[in-house]
Amino acid sequence: MPTGAHASLDSATVAELRAILGDDAIVSRPTELKVYECDGWTIEKNAPELLLRPRSAAEISAVLKLLDRRAIAFVPRGAGTGLSGGCLPVGAPVMICTSRLNRILAIDYANRRVEVESGVVNLHVSNAVRGRGFFYAPDPSSQMACTIGGNIAENSGGPHTLKYGVTTNHVLGLEIVLPDGEIAELGGPTEERLGYDLVGAIVGAEGTAGIVTRATLRLTREPEARRTLLAIFADVEAATRAVSAIIASGVIPGAIEMMDQLIIEAVEAAFHAGLPRDAGAVLIIELDGIAAALDAEARAVGELARSSGAREVRFARDEAERATLWKARKRAFGAVGRLAPNYATQDGVVPRTRLPEILREIAQIARRHALRIGNVFHAGDGNIHPIVLYDERDPDETRRAIAAGREILRACVAMGGSLTGEHGIGVEKISEMPLIFSPDDLIVMSELRRVFDPAQRANPNKVIPAPGGCVEVAAPRRQAAL
Amino acid sequence: MAISSETIAKLERDFAAIVGAAHVRAAIGAESRCASVVVTPADAGEISEIVRRCEADRIILAPFGAARALAEIRLAPAAIAVSLARLDRIVAYEPDDMTVVAAAGVTLAALNAATAARGQWLPVDPPRPELTTLGAMVAAARFGPSRLSEGIVRDLLIGVRFVGHDGRIVHGGGNVVKNVAGYDLMKVMTGSFGTLGIITETTFRVRPLPARRLIACAGFADLDSAYAAAANLHDAVPLLHLEVTSPSVSAALHIGAGFALIAGFGGAAPEADYLRVRIPELLGVNNEILDGAAAIARYERIRDFDLPASAAVALIAAPPAELPAILAATPGEFIAHAGSGVARLFLAALDADELGRIVAAIRDRARRVRGHVRVMRVASELRGEIRRFDNPPAAAMTLMRRMKTTFDPRGIFNPGCFVGGL
């Protein structure tokens, strides 16, 4: 495999990189590089040998041409908020960070398009266009920090993707610097593709096709109005019944999010959002559309929640109450940080009707491994986020946390689901890929990757497991926190 | 590329050994534009054997459903057509999960008949769903008016199975509505026109059928005012679809004699009732609102609209606000999906030179706004004269060539009728 052909970083190459980028764009001190040793998947850590902070596609092109000549592998990085170890260096000494490519280049309201550099923060796009009644639909929980480039790599979702779709549904065109340094302009501002859908192949490729430097995104019209409900249940089963009842009624809400008791407690301890601490589960349900129709729809949805067992349904009375509910939801991950020194967030998916089963299974897995596992997730599309609490100073508990995570993923697959809904395979789930894909599937996927990156130098050892071996073999330097 | 009768007889014998003699025959009618021999395998396993045989003997094959998409695009017939007609089973419909798995030979109409009982549909609405197989719909990235509100194939296809190089049976995606595991083979296969492999099975998200469907129509003396009204409406309220039509198309649809705006709307009762009042206010000109059976009939006529006598039908794609200027400068009749920046243009009978000049001029205008033109259909006598696709930029084309040679190293999958001659 070409992976084995990657060269190590030598001082001559570092000197040439300094000549291309200047000293201020290069981080090489081990103490400073430690910041980049992991993303949101903190179980495994490995700092790059060198971090580059280029300012433009032209600089990235020059860098990649040099790395290509020297056969040195690299890993792209946005804000490092990923949850699957997507930007963990595994056999790639050089990390290239896109954070300086942070300009919104053009906003075109007439065509509902925006052109941005890939280091632009997700929320900044919506902030730039909200005044004119538009937003950028994909809204991952990390949207205050994560970048559009990172979203493109992971095909990120978020609560409102139930109605509005994930990143791939909103990216029309890309500029990418391929691993050989060639700059390619793919797709464009039209809604029809010319030739193969290369943009569609790159979105979600987890940074293995090259470094995306610019994107043409679709803007979505802000709905005229929203109604946000909080439905309170005695247990998660009743809450999942309500989700099925709502969807079955033909309503597609903007979002349906579930939080279980452990998460409710964590959120209340951290933010006092007014969630009932004695509830077994809550649903945050958001409806959007035409104001004239929404009150009736909200009442109907509230009734469906009650008839499914909700003990109480609260309606957010104003924007402030709505914001409080969403703050509680989006900061749930941070709140969990108060409950344990470490946590790992899973991202499995099951067919929506299997939610009660998978939640029961997760509870059993938690008991079996003597772990606490909370659930906060996108119930509307069956995308679960079990949060496994652990303390990395306790090697046995860490081992149990990893084992529990794997068991949850296996359970999702056994129920006809998938390993990941929006976080990506990264390193976290790479050894589970054969659970859902045959050897032939994986061969064809790795061939597709080589269309863009024949030598496999862009983010090596990700997504597709190496034939006949686990990733650790290829990456002796990578340390798990075991 | 004429194939001798001896060769045909040999092909028939060879493939009869795989699928049985009853499922091999000479091509008839429009099929003969696609291929000389039609082979109708029973399943992906037989297709896998067919592919291996074709690769070994360098036999050019072309997959087809109802032989429509292929008959429109092939310049010369392939040696064999692989018909998906026997892969016609809906494998799994899960109304509560809102997903459906169906073999590639199932027609869109058959699929939607099955889901309608549960108030759902696959909201891709190309013309003539009864003649559109799912495989062809995906391979040709077909679409219809509802793309405005529901998206296109690439937004709804969540899993795919195909037979590729070496007879590999490959699947991507899965059965769940949200899934980022592995590379997105659904996007790769969508719009690939059979050049990368033979799609055998598709999995889609389905959506609730609109509880009510209504249509507003209004006539305008000129294109600019029709388009301005369309933009105004699109900005103000959620619509199911939005079309602007040229005078002959309007007349054929019985919507006056000028340019027309057609806006579909609806949903649950309170929304439909509100829009029923609000949309005429926004249009502010003479308009007609259709409800119930009349609205559905008009919607289906718009969806299926065609001018079959056209010498050529072209698809123009441009940023939505740039499309009217291109249409205004173009001879021919059109139906434009105004919110999406996509129009079907019908060009009347012309000689090859004139048609070539017109298409070149539209391409030039589209390119200036980073749009492109695809010639969807050409009268057979003009077929060799017209380039079907714009050329992608050089770097993109290099990647597309690599994609083709990676997926189809022997060059047997429907070659010669895609971008750049792929």
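Me: What makes V375(B) the bridge partner of A314(B) in β19(B)?
Reply: In β19(B), DSSP gives V375(B) as the bridge partner of A314(B). A strand here is a DSSP run of E with at least two residues, a helix is a run of H or I with at least four, and both are numbered from the N terminus. Before we go on, this is a predicted model: local features need pLDDT of at least 70 and side-chain atom pairs count only at pLDDT 80 or more, while totals for chains, interfaces and linings use all residues. Residues are numbered from 1 along each chain as its sequence is written, with chains lettered from A and ligands numbered from 1 in the order in which they are written.

Me: How do you know that β16(B) and β19(B) pair?
Reply: Two strands pair if DSSP finds at least two bridges between them. β16(B) and β19(B) have 6 bridges, in the antiparallel sense, so they count as paired by that definition.

Me: Why are β15 and β19 of chain B called edge strands?
Reply: The open sheet has 8 strands in the order β15-β12-β14-β13-β17-β18-β16-β19 (chain B), with antiparallel pairing. β15 (287-290) and β19 (372-378) of chain B each have a single partner strand, so one side of each is left without a neighbour in the sheet. Neighbouring strands are turned by 15° against each other on average, direction ignored.

Me: Which strands does helix α14 of chain B touch?
Reply: Helix α14 (residues 352-368) packs on the sheet and touches β16, β18 (342-347) and β19 of chain B. Its direction makes about 150° with that of β19(B). Axes are lines fitted to C-alpha atoms, for helices over the stretch in contact, and angles run from 0 to 180 degrees between N-to-C directions. Another helix, α11(B), lies across β12 (212-220), β14 (259-267) and β15 of chain B, at about 5° to β12(B).

Me: What makes residues of chain B and chain A count as in contact?
Reply: Their C-beta atoms, placed from the backbone, must lie within 7 Å. By that rule, 60 residues of chain B are in contact with 70 residues of chain A. On the chain B side, α15(B) gives the most, with 7 residues.

Me: How many residues on that side of chain B are called nonpolar?
Reply: There are 30 nonpolar, 17 polar and 13 charged residues. Ala, Val, Leu, Ile, Met, Phe, Trp, Tyr, Cys and Pro count as nonpolar, Asp, Glu, Lys and Arg as charged, and the others, Gly among them, as polar.

How values were computed. Two residues are in contact if their C-beta atoms, placed from the backbone, lie within 7 Å.
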